[in-house]
Amino acid sequence: MTAVDALLLETVESIFGDLCTPEAVGAAEGGLDARLWSALTESGLSTVGVAESVGGSGGTLHDAAAIAKAAGRFAAPVPLTETSVVGGWVCEQAGLQLPDGPVAVVLGGGRTYWAPVAASFVVVTDRGVGVVPAGALTVGATGANYAGEPWAEVTVGAADLVAGPSVAEAAARGALARALLMAGALQQAVELSVLYANEREQFGKPIGKFQILQHYLAEMAGEAVVAEAACDNAVDVIAAGADSAEVSQVIAAAKATTGRAVGIINRLAHQLHGAIGYTDEHRLQYTTRRLWAWRDEHGSEAQWAAELGRSLAAAGGPALWPTLVSWPRPLAV
Amino acid sequence: MASRLSFPDAALPSSTEEIRLRIRAFLEAEIAAGTYVPSCDTWLSGHDADFSRKLGANGFLGLTWPKQYGGHERSALDRFVVVEELLAHGAPIAAHWITDRQSGPGILKHGNDALKEELIPQMAAGEIYFSIGMSEPDSGSDLASIRSTATKVDGGWLLNGTKVWTSQAHNNHYFIVLVRTQPIAESGGKHNGMSQFVMDLRSSGVEVRPIRLLSGHHHFNEVVMTDVFVPDHMMLGVEGNGWNQVVGELAFERSGPERYLSTYPLLAALIDAVGPEPSAEAAAEIGLLVARLAGLRRLCVSVAISLDAGRLPVTEAALVKDLGTRLEGEIPEVARRLVAPGRIERFDQLVADSVLSAPGFTLRGGTNEILRGIVARELGVR
Ligand SMILES: Cc1cc2nc3c(=O)[nH]c(=O)nc-3n(C[C@H](O)[C@H](O)[C@H](O)COP(=O)(O)OP(=O)(O)OC[C@H]3O[C@@H](n4cnc5c(N)ncnc54)[C@H](O)[C@@H]3O)c2cc1C
């Protein structure tokens, strides 16, 4: 596995740890947390994984993935992955400069995540891609997902377009971004549950002493770990170089596995937390609402699983095994 | 916490590619020649001595063992690759499976020179086969409660007691048996006072009685030992250290690819059975199974790399086995939902074998409830 710089991770953890308090995360609903966004921009973290030649901070996809997982874990209320993993990638592929400020990515038009707070749009159509200031496009109805992350309907008018990734390829990248955020948030749901199991007492002992809850926790930990593994496979395979059909397969596996895990982990996390976890007072909800939202965005687990299944079926049964053992690629040592 | 579980490296070294291609070519040739038909759960049920000897003759057994004893001194990751290819190709590997996975390594680690010289070369050649003698009628998950005993006599030990669920004891030559060499009352704790012995299953005083599975197959047995004499040099390791020896093997026993690939041949057949343009429902169900399988394989490789690096990822292995054994049990459930019976004979056979062997997946080698207890302890809630 490609090692991620320890100093980078420390910086990320300390910024998120300081600024993503439950109060701040709650207060940012409907928009973004401007303080967090500027802290990320000042430290160059909002564009890690995007080449310096197009205005990014440089670094690898592995670095960007580690930051995305941390953003998910801390429920960071900013369009970080839209800007780096999706928008920055489109710009890099097309040789366009990534503008400063938060980015929303318009995938052919329609519902565009984070559009209401974006300074610029990266526009992806099957005729080409472009970058425009937010004011340049027609923004219609707005809304927010379960976690208060805003979206808007965006119509793509005439814009200067250059050759770049297709809508499907950019949508897959969006799915990768959500899968990475989910991998981090799933881990957080498990960690909060472990903490609560040791803290809450009933019948004269911590509820974590009840075997059924121990088993819930073990099951949650397992689902979180396998979901993260699917994400790590995707990042490894993409970083090693893969054609767009294979990129789509590994992302499909990541989005399907994380999306599935949400159903299991959120259910058990809430069951374990009892009534307090069902309130807006407890911080568990910042994680679980995001997970419910993210599993639907950029394609649900059912859609991506079907996509993967179709491509596997087209290749036939004997092709499956060689595919599986090439995720991740063997490493020359 | 989830972060306490660690799955660091997950990419196999490219040096493993050579043996992967070699074993794959070997297996494809065997299938083409009609030596075997790929089946499910063959690491437990596919006992075929000819096939095991052929693997031995081609250098695919005892891969990590010293050359001095007929091994090949290759890395544990080469062995991992060979094993996952054997499983994915549904090869009949039950005869040597336990021998190659744990009895050989156990003897190499704990056995004396005489025992190694006597047994390891034949094990590496795929000629003699071992079973596991742990469970007893009253001791399953609570293994430390076993009652079989060994009593010291001149030149050896006399073994008495009953072992049960002993896979393939009727076909195999030896088992490694866990018995009490000191009564609990004197051993200073339930986990002390146990020892392991290598026992010839044809010794006088041994009776191997068949226990039929619900499918009617004769897979496991009851092994009754009445004053069976076992010579001194067949004691494995140190007297009284049996429990630690058994526990030390668990990470190896629990983390292998057999814990999620038992029904892989059915999954591959399912993809062909639904055809190149499946319904959205079929595509989604297959896609999700494969997505999870790919994630699990990464975890499994990671555990293998950790073991190879000298770590003992006991909890990680337990977690992978819990996830993997449940997934391999889901494959026949999905397969039978998507493809009606009576269309493809081989497919129906794979489904039937998988459905009827699935109850064992989450029991053998430690039940999933016990495994989750191990994970929970690591998470910090026990
Ligand atoms: C196909 C197959 C092959 C086998 N081959 C061998 C072999 O070759 N050699 C050998 O020695 N053994 C073998 N076994 C035995 C296997 O190791 C045992 O089945 C296993 O350890 C469980 O023991 P048990 O069957 O007595 O179930 P029990 O321990 O009686 O368990 C019954 C149920 O109670 C649950 N339970 C028990 N304790 C707890 C607890 N503390 N907390 C929560 N739940 C609990 C279990 O999870 C299970 O659901 C084999 C088993 C199978 C199915």
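Let's start with Glu10 of chain A. Glu10(A) is exposed, because its relative accessibility is 54% and the cut-off for exposed is over 50%. Glu10(A) sits in helix α1, residues 6-19 of chain A. Now pair Glu10(A) with Val194(A). They are 184 residues apart along the chain, and their C-alpha atoms are separated by 23 Å. One caution before I go on: this is a predicted model.

Next, helix α8 of chain A. Two residues here. Ser244(A) is in α8. Ser244(A) is partly exposed, with a relative accessible area of 45%. Compare its position with Ala168(A). Along the chain, Ser244(A) and Ala168(A) are 76 residues apart, and 9.9 Å separates their C-alpha atoms.

The second residue is Arg260(A). Arg260(A) is also placed in α8, which covers residues 244-273 of chain A. Is Arg260(A) buried or exposed? Its relative accessibility is 18%, so Arg260(A) counts as buried; the limit for buried is under 20%. What does Arg260(A) touch, leaving aside residues up to four places away in sequence? In chain A, Glu223(A) and Glu301(A). In chain B, Leu288(B), Arg292(B) and Glu330(B). Contacts from Arg260(A) therefore reach residues of both chains.

Now the domains. Chain A is assigned domain 1, residues 6-155, and domain 2, residues 167-315. The C-alpha centres of these two domains of chain A lie 21 Å apart. Their contact takes 31 residues from domain 1 of chain A and 32 residues from domain 2 of chain A. Chain B is divided into domain 1 (14-128), domain 2 (132-241) and domain 3 (256-379). For domain 2 and domain 3 of chain B, the C-alpha centres lie 31 Å apart.

On to the ligand. How many residues surround the ligand? The count is 17. The closest are Ser135(B), Ser141(B), Trp165(B), Thr367(B) and Glu369(B). From chain B, domain 2 (132-241) and domain 3 (256-379) each give at least three residues to the shell. By element, β7 (218-231) and α13 (368-379) of chain B each supply at least two residues of that shell. By type, the shell divides into 7 nonpolar, 8 polar and 2 charged residues.

A backbone N or O atom of Ser135(B) is 2.8 Å from an oxygen atom of the ligand. A backbone N or O atom of Trp165(B) is 2.9 Å from a ligand nitrogen atom. For Ser167(B), a polar side-chain atom lies 2.8 Å from a nitrogen atom of the ligand. As for cover, the ligand has 970 Å² of accessible area on its own, and the protein covers 66% of that.

Last, some backbone details in chain A. Which bond joins Trp327(A) and Pro328(A)? A cis peptide bond, with omega about -15 degrees. Pro328(A) is in the segment after α11 (317-324).

Then two positive phi values. Ala75(A) is not a glycine, yet its phi is near 55 degrees. Ala75(A) is in the loop between α4 (61-73) and α5 (80-94) of chain A. Ala75(A) counts as buried, because its relative accessibility is 4%. Phe203(A) also has a positive phi, about 55 degrees, and is not a glycine. Phe203(A) is in the loop between β7 (201-202) and β8 (205-206) of chain A. Phe203(A) is exposed, with a relative accessible area of 76%.

Technical notes:
Residues numbered from 1 in each chain as written. Chains lettered and ligands numbered in written order. Predicted model: local features only at pLDDT ≥ 70, side-chain atom pairs only at ≥ 80, totals over all residues. Heavy atoms only, no water. Near = heavy atom within 4 Å. Polar contact = N/O pair within 3.5 Å; in protein donor to acceptor, adjacent residues only side chain to side chain. Areas by Shrake-Rupley, 256 points an atom, 1.4 Å probe, with all protein chains shown as cover. Helix = DSSP H or I, 4+ residues; strand = E, 2+ residues; numbered from the N terminus. Nonpolar A, V, L, I, M, F, W, Y, C, P; charged D, E, K, R; others polar. Domains from an automatic or database assignment. Buried < 20%, exposed > 50% of the residue type's maximum accessible area, 1.4 Å probe, protein only. Contact = heavy atoms within 4.5 Å.
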